[in-house]
Protein chains: 2
Amino acid sequence: MGIAGKNGAGAVRIADVARHADVGAGTVSRVLNGSPNVTAQTRERVMAAIQELGYVPNLVARGLAANRTGVVAAIIPVLGYAQHSEVIQGMLEGLKPYGITVMIGSSGYSEEGEERVVEAFLARRPDAIYVTGGRHSARTRELLKSSGIPVIEGSNLHDNPIDTVIGYSNFDAARKLTARLFASGRKHVAHVTFSTDPNDRIADRLEGYRAACRELGLPDDLFIETTNSFEGGAKALRTILDSWPEVDGIFFVTDVLAVGALHECQRRGIAVPEHFAICGFDDLPIAASVVPALTTARIGPVSMGRKIAEVILARIKGEADVDKRIDVGFQIIERESAVLGPKPP
Amino acid sequence: MGIAGKNGAGAVRIADVARHADVGAGTVSRVLNGSPNVTAQTRERVMAAIQELGYVPNLVARGLAANRTGVVAAIIPVLGYAQHSEVIQGMLEGLKPYGITVMIGSSGYSEEGEERVVEAFLARRPDAIYVTGGRHSARTRELLKSSGIPVIEGSNLHDNPIDTVIGYSNFDAARKLTARLFASGRKHVAHVTFSTDPNDRIADRLEGYRAACRELGLPDDLFIETTNSFEGGAKALRTILDSWPEVDGIFFVTDVLAVGALHECQRRGIAVPEHFAICGFDDLPIAASVVPALTTARIGPVSMGRKIAEVILARIKGEADVDKRIDVGFQIIERESAVLGPKPP
DNA sequence: CTGTTAGCGCGTTCAC
DNA sequence: GTGAACGCGCTAACAG
């Protein structure tokens with residue numbers, strides 16, 4: 001320890017401030033936490049002492065004493081996928097004004113990975129925890145449930161949440177997108193998905209596709225699996241061309257896949273939407289830029305993150321009547337990749 | 001508090017374990033921290049007690065007592081931009097095996113935002129801190145310097161680091177890309193940049209472009225500013241077409257801009273690389289997918305993050321002879337968007 | 001090798 | 001309204 005021994009902005013503690021302001025340590029703590037039971041005069045004296053000494057409260061010690069750390073934990077599959085990272089971005093923006101910090105972990109798309117991160121995080125006593133999706137190991141559910149803190153499951157509006165779920169219906173969105181392809185005159189709509197992980201969001205989209213097919217009395221098994229990458233989308237397109245020549249519409253489970261397929265169409269001179277109507281999912285920025293622009297479903301991950309922050313704040317404040325199931329909805333974005341007839345000028 | 005009052009996996013403390021195993025609290029702490037000074041026999045007894053009671057150490061209390069939190073702080077401009085998020089992903093992967101957690105913050109591309117996050121983070125006593133780039137407010141530098149913890153500045157290999165810098169030379173990479181465009185036979189190479197923030201990486205790329213121009217005795221002022229988005233790239237391309245009809249090569253400061261421009265070329269039927277040789281920067285996944293595939297510079301943000309983790313671990317362990325300046329290098333990725341002559345078959 | 005004790009810095013009772 | 005004292009759960013230093 002010592003003067004500059006990793007003590008943030010100095011080794012000055014609350015006792016030093018108290019001495020300097022000629023008050024008790026308790027009083028300093030009170031002004032720090034905005035207690036009303038302090039005279040304006042003494043408050044000023046304390047504030048002055050804080051300024052002069054450059055005092056910075058030790059939030060670790062506060063966390064121990066108050067049994068409240070001001071930290072929320074967040075777990076997403078990977079940080080590199082913007083759709084998940086932007087949820088965190090929204091949470092950061094919503095929580096920063098309240099002095100709440102976020103610790104981040106990645107599950108690597110695996111239940112086991114998630115379990116280990118949850119375990120490690122709970123030992124740090126966060127005030128709340130956010131996890132992506134609704135599929136977790138039994139032990140993870142148990143850990144979370146008995147943690148005693150608010151648990152927010154995000155992105156997919158599933159039944160049977162651990163505590164609170166904030167998201168949208170992947171099933172409904174996928175069904176709507178599929179139905180839209182059929183409504184635009186397509187007769188044979190395929191679906192491209194992936195299955196490298198136990199991911200309820202992707203699984204629900206597949207079910208949405210199948211439901212839309214069955215509602216029209218059409219076969220619901222025109223789907224193939226690939227890897228979730230641009231190249232995976234291109235590969236899937238080639239497979240469809242080879243295997244199902246009758247297909248005239250494709251619903252890709254992510255924009256990444258759809259964009260990869262669009263590029264493959266460009267390379268092969270296949271006209272979109274004339275030959276294939278194509279839609280994706282997520283409304284990544286690239287969806288509006290690619291040629292032709294991509295029809296897709298928009299979620300608004302940042303605002304979802306902000307909503308999550310709101311709920312966490314309310315729960316931490318102790319408000320009991322917070323919704324346990326919040327639907328942030330989705331929006332179908334219609335662009336050229338899925339219109340029929342000649343392209344707009 | 002109480003039995004299930006937000007105490008993680010239960011309210012059992014180290015004293016409970018000690019009692020259950022019939023040893024002292026210190027001994028439990030020793031086995032927890034892997035001290036060699038424990039008999040295998042007592043170690044087992046303690047481990048058994050931990051198991052039976054479902055004890056989970058309170059890392060907040062440990063942090064206070066040990067003056068070592070096992071947390072590292074990381075600040076990036078925004079979470080939604082993959083290039084930055086993936087650095088964090090690499091850090092997570094490198095630090096997780098050592099039980100170290102990452103708290104994340106975003107500066108919003110502003111020095112003031114960064115300063116506030118740094119301030120908030122230091123109060124939580126992280127064991128180390130990572131910040132993006134080398135441009136910071138004077139107060140941020142001062143806070144960081146006097147924090148007493150390892151400070152890693154990342155991404156841009158600048159001079160005058162606060163403590164340690166890990167990255168690559170944006171200047172060199174940009175110069176090399178520009179020179180490559182000239183070497184492929186282009187005579188008028190423009191540069192598209194943006195300036196919405198005090199970003200040393202982008203500024204250094206501009207300087208690299210200008211240096212390459214001057215080395216050939218060519219004008220170094222064919223650059224324009226736009227916003228860093230697909231649409232921004234498209235807009236810049238239109239501006240160049242209108243203003244500088246002689247331009248036959250464009251170095252876009254990010255892949256996002258370059259891809260936006262490539263899409264605009266597709267819309268307008270402009271042949272790339274025949275009309276324009278184009279290159280970007282970052283080697284985002286989209287760069288290999290777009291048509292034509294994009295020549296760009298690759299950094300490897302994930303492995304850079306792992307390198308940062310390594311350095312942090314070494315510094316935390318107290319190793320004094322850790323490099324203060326680590327060049328992770330870059331790689332020019334040659335693809336079709338910048339070759340001359342007929343495109344490959 | 002092990003038990004005991006004194007802090008780590010702060011919030012929160014209590015009396016005053 | 002304010003100060004003093006105790007405790008949050010753990011590590012580290014000290015005896016033994």
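Trainee: Which backbone nitrogen does the side chain of B:Asp327 reach?
Mentor: That of B:Gly329, at 2.7 Å. A polar contact here is a pair of N or O atoms within 3.5 Å; within protein, one must be able to donate a hydrogen and the other to accept it, and residues adjacent in sequence count only if both atoms are side-chain atoms.

Trainee: Before I go on, what kind of model is this?
Mentor: A predicted one: local features need pLDDT of at least 70, side-chain atom pairs count only at pLDDT 80 or more, and totals for chains, interfaces and linings use all residues. Residues are numbered from 1 along each chain as its sequence is written, chains are lettered from A and ligands numbered from 1 in the order in which they are written, and side-chain values use heavy atoms, with hydrogens and water left out.

Trainee: Thanks! Back to B:Asp327: where does it sit, and what does it touch?
Mentor: B:Asp327 is in strand β11 of chain B. Helices (H or I, at least four residues) and strands (E, at least two) are DSSP runs numbered from the N terminus. Leaving aside residues up to four places away in sequence, B:Asp327 touches B:Leu157, B:Gly167 and B:Tyr168; contact means heavy atoms within 4.5 Å. B:Ser155 is 172 residues from B:Asp327 in sequence, with 9.5 Å from C-alpha to C-alpha.

Trainee: And which strand does β11(B) pair with through three bridges?
Mentor: β5 (residues 164–168) of chain B, and the two run parallel. B:Val165 has B:Arg325 as its bridge partner in β11(B). Two strands pair if DSSP finds at least two bridges between them.

Trainee: What's the whole sheet, then?
Mentor: An open one of 12 strands with mixed pairing, in the order β11(A)-β5(A)-β4(A)-β3(A)-β1(A)-β2(A)-β2(B)-β1(B)-β3(B)-β4(B)-β5(B)-β11(B). The edges are β11 (325–327) of chain A and β11 (325–327) of chain B, each pairing on one side only. On average, neighbouring strands are turned by 20 degrees against each other, direction ignored. Axes are lines fitted to C-alpha atoms, for helices over the stretch in contact, and angles run from 0 to 180 degrees between N-to-C directions.

Trainee: Which strands of chain A does helix α9 touch?
Mentor: Helix α9 (residues 200–215) of chain A touches β3 (128–132), β4 (151–156) and β5 (164–168) of chain A, and its direction makes about 40 degrees with that of β4(A). Helix α13 (residues 301–316) of chain A lies across β1 (71–76), β3, β4, β5 and β11 of chain A, at about 165 degrees to β5(A).

Trainee: Switching to chain B: what order does the four-stranded sheet have?
Mentor: β7-β6-β8-β9, open and with parallel pairing. β7 (223–226) and β9 (277–279) of chain B are at the edges with a single partner strand each, so one side of each has no neighbour in the sheet. β6 (residues 189–194) and β8 (residues 249–252) of chain B pair over four bridges, and B:His191 stands opposite B:Phe251 in β8(B).

Trainee: Last one: at what angle do α1(A) and α2(A) cross?
Mentor: At roughly 105 degrees, with the axes of α1 (residues 14–21) of chain A and α2(A) coming within 8 Å. The contact is made by A:Ile14, A:Val17 and A:Ala18 of α1(A) with A:Ala25, A:Val28, A:Ser29 and A:Leu32 of α2(A).
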